[in-house]
Number of protein chains: 2
Amino acid sequence: MNEVICTVDTVLLTLGDDGLSVALLKREREPYKGVAALPGGYIHVDKDLDGYGAALRVLKTKTGIDVPYLEQLAAFTGAARDPRGWSVSLAYYALVPHAVIAAAGHPGVKLVGVDRLHTLPFDHGTIVAAAVERLRSKSQYSSLPCFLVGELFTLPQLQRVYEALMGEALNKVSFRRKMAELDVLEAAEGQMDASSPSRPAQLYRLRPEFRDRLGLLKRGL
Amino acid sequence: MNEVICTVDTVLLTLGDDGLSVALLKREREPYKGVAALPGGYIHVDKDLDGYGAALRVLKTKTGIDVPYLEQLAAFTGAARDPRGWSVSLAYYALVPHAVIAAAGHPGVKLVGVDRLHTLPFDHGTIVAAAVERLRSKSQYSSLPCFLVGELFTLPQLQRVYEALMGEALNKVSFRRKMAELDVLEAAEGQMDASSPSRPAQLYRLRPEFRDRLGLLKRGL
DNA sequence: TAAATAGTGTCTCTAAGACAGTATGGA
DNA sequence: TCCATACTGTCTTAGAGACACTATTTA
């Protein structure tokens with residue numbers, strides 16, 4: 001009566017050379033062995049406290065990364081999505097700076113621009129599309145994109161991240177007003193970005209109470 | 001390795017005398033036999049096409065209602081939420097006019113105001129809270145609350161529904177401007193609400209292309 | 001001092017709310 | 001004719017974008 005296959009799939013997003021990109025791994029087992037797909041795996045009822053913990057474990061095991069932001073996306077369910085039978089995929093999406101993926105240096109991880117994706121196995125294409133839509137939607141009114149940059153960043157850098165996500169140029173004055181009123185950033189006193197051949201920009205960081213809050217809040221939910 | 005209990009729980013919301021209310025049923029089986037809880041049940045892999053279909057079936061079977069709006073809320077998961085073991089609850093929420101529940105006349109269904117809820121079994125309290133938050137959040141920028149009124153309604157009636165959901169008075173001119181620009185309503189030509197002792201109000205209905213669209217769109221997702 | 005980009009002051013324009021007026025039914 | 005409520009025209013006010021100006025570094 002209850003022969004349901006229960007798995008976790010993760011959409012690890014970052015901002016690379018091809019714009020917003022997703023991490024794919026070649027599948028080690030059937031079905032679709034050898035095909036690039038989302039990092040995923042079975043729930044381990046003995047090890048995982050809940051779906052959130054399972055997603056953290058899958059990401060850590062398969063990509064070597066402790067993600068700073070992880071949120072449940074949705075459950076993808078049904079008889080048709082997996083040839084093995086009626087299945088539930090608990091889908092989570094994570095945001096991470098590009099440098100963190102490079103630093104982890106996991107061999108099999110391949111980054112593909114979300115606009116360059118070809119067909120993926122199962123309904124992974126649908127899952128990625130839903131994650132991208134969610135991220136873009138939340139980016140309009142939140143500080144989510146901060147998790148795509150490193151710990152220290154300038155406002156012009158952050159604005160370019162928002163613009164890459166939204167796919168349109170943003171007004172500089174409005175962007176800075178919005179950031180000021182969100183009130184989630186703090187200036188790194190005395191630290192400037194001197195890497196440019198022009199006026200250095202003030203460096204900022206996420207205020208500590210927001211650095212993990214967003215991800216942790218979702219655990220209960 | 002994969003002993004996961006997989007169920008569906010539904011949050012059926014309506015606008016009753018106590019404001020926004022949720023439908024509860026006394027549980028017929030252990031655990032928590034006889035305790036009021038959300039309508040739910042196991043996935044039937046032989047009958048249900050997917051989680052959405054399972055939620056529709058549960059609502060039809062246990063409350064007698066074909067809901068006009070149903071959307072996935074989230075998956076609630078973990079080792080601790082159900083005494084039977086590691087479980088996944090696919091949670092869906094539905095909106096329905098009060099009259100439809102009365103017409104269905106299912107004996108066991110009890111409506112409780114969401115602000116009057118006492119503790120519920122499992123994590124059903126958390127699930128209801130998440131559904132209410134989602135509905136309130138979506139009500140700010142969408143026509144979702146239209147599914148809480150009957151087929152024909154006046155703008156003043158609809159405004160009172162929005163106000164009951166948001167818990168605050170709304171500006172009449174702004175409300176009507178917003179509805180006009182959402183462009184999801186159509187006037188029922190020549191039909192007025194004559195039940196008041198003052199000037200009758202124009203009756204409106206959801207435009208046909210929106211009557212089911214919202215619910216259906218979510219099937220793929 | 002010129003070039004380049006960071007950062008800010010201010011004007012304009014759009015959209016939301018306030019208010020008051022007109023419209024239309026019943027008593 | 002009066003009352004109650006539906007509906008609408010318009011003024012005011014708050015927020016978003018445009019623009020231009022100042023600031024600070026390297027070459």
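The model is predicted, so local features need pLDDT of at least 70 and side-chain atom pairs pLDDT 80 or more, while totals for chains, interfaces and linings use all residues. Residues are numbered from 1 along each chain as its sequence is written, chains are lettered from A and ligands numbered from 1 in the order written, and side-chain values use heavy atoms, without hydrogens and water.

**View 1. Helices α3 and α4 of chain A pack at an angle of about 130 degrees.** α3(A) spans residues 124-139 and α4(A) residues 155-166; helices (H or I, at least four residues) and strands (E, at least two) are DSSP runs numbered from the N terminus. Their axes lie 10 Å apart, each axis being a line fitted to C-alpha atoms over the stretch in contact, with angles from 0 to 180 degrees between N-to-C directions. The two helices are therefore oblique to each other. α3(A) passes α4(A) in a left-handed crossing (the near helix is turned anticlockwise from the far one by less than a right angle). On the α3(A) side the contact (heavy atoms within 4.5 Å) is made by A:L135, A:R136 and A:S139, and on the α4(A) side by A:Y162, A:L165 and A:M166. By class, the residues of this contact are four nonpolar, one polar and one charged (Ala, Val, Leu, Ile, Met, Phe, Trp, Tyr, Cys and Pro are nonpolar, Asp, Glu, Lys and Arg charged, the others, Gly among them, polar).

**View 2. Helices α3 (residues 124-139) and α4 (residues 155-166) of chain B also form a packed pair.** Their axes are 10 Å apart, and the packing angle is about 130 degrees. That angle makes α3(B) oblique to α4(B). The crossing of α3(B) past α4(B) is left-handed. From α3(B), residues B:L135, B:R136 and B:S139 meet B:Y162, B:L165 and B:M166 of α4(B). The classes in this contact of α3(B) with α4(B) are four nonpolar, one polar and one charged residues.

**View 3. Helix α4 of chain B crosses helix α5 (residues 172-182) of chain B at roughly 100 degrees.** The axes of α4(B) and α5(B) come within 11 Å. The pair is therefore roughly perpendicular. α4(B) contributes B:L155, B:P156, B:L158, B:Q159 and B:Y162, which meet B:K172, B:F175, B:R176 and B:M179 of α5(B). Six nonpolar, one polar and two charged residues make up the contact of α4(B) with α5(B).

**View 4. Chain A meets chain B through 29 residues of chain A and 29 of chain B.** The area buried between the chains is about 2,300 Å² (accessible area, 1.4 Å probe, lost on putting the two parts together, summed over both). Carbon and sulfur atoms give 63% of this buried area.

**View 5. B:G85 sits in the loop between β5 (69-78) and β6 (87-95) of chain B.** Its C-alpha atom is separated by 8.3 Å from that of B:E3, 82 residues apart along the chain. Apart from neighbours within four places in sequence, B:G85 is in contact with B:I5, B:G78 and B:A79.

View 6. In chain A, the peptide bond from A:E30 to A:P31 is cis, with omega near -5 degrees. A:P31 belongs to the loop between β2 (19-26) and β3 (36-37) of chain A. In chain B, the bond from B:E30 to B:P31 is cis, with omega near -5 degrees, and B:P31 lies in the loop between β2 (19-26) and β3 (36-37) of chain B. A:F122, a residue other than glycine, has a positive phi near 50 degrees. This residue, A:F122, is in the loop between β7 (110-113) and α3 of chain A.

Note on methods
Angles under 35 degrees count as roughly parallel, over 145 as roughly antiparallel, 65 to 115 as roughly perpendicular and the rest as oblique.
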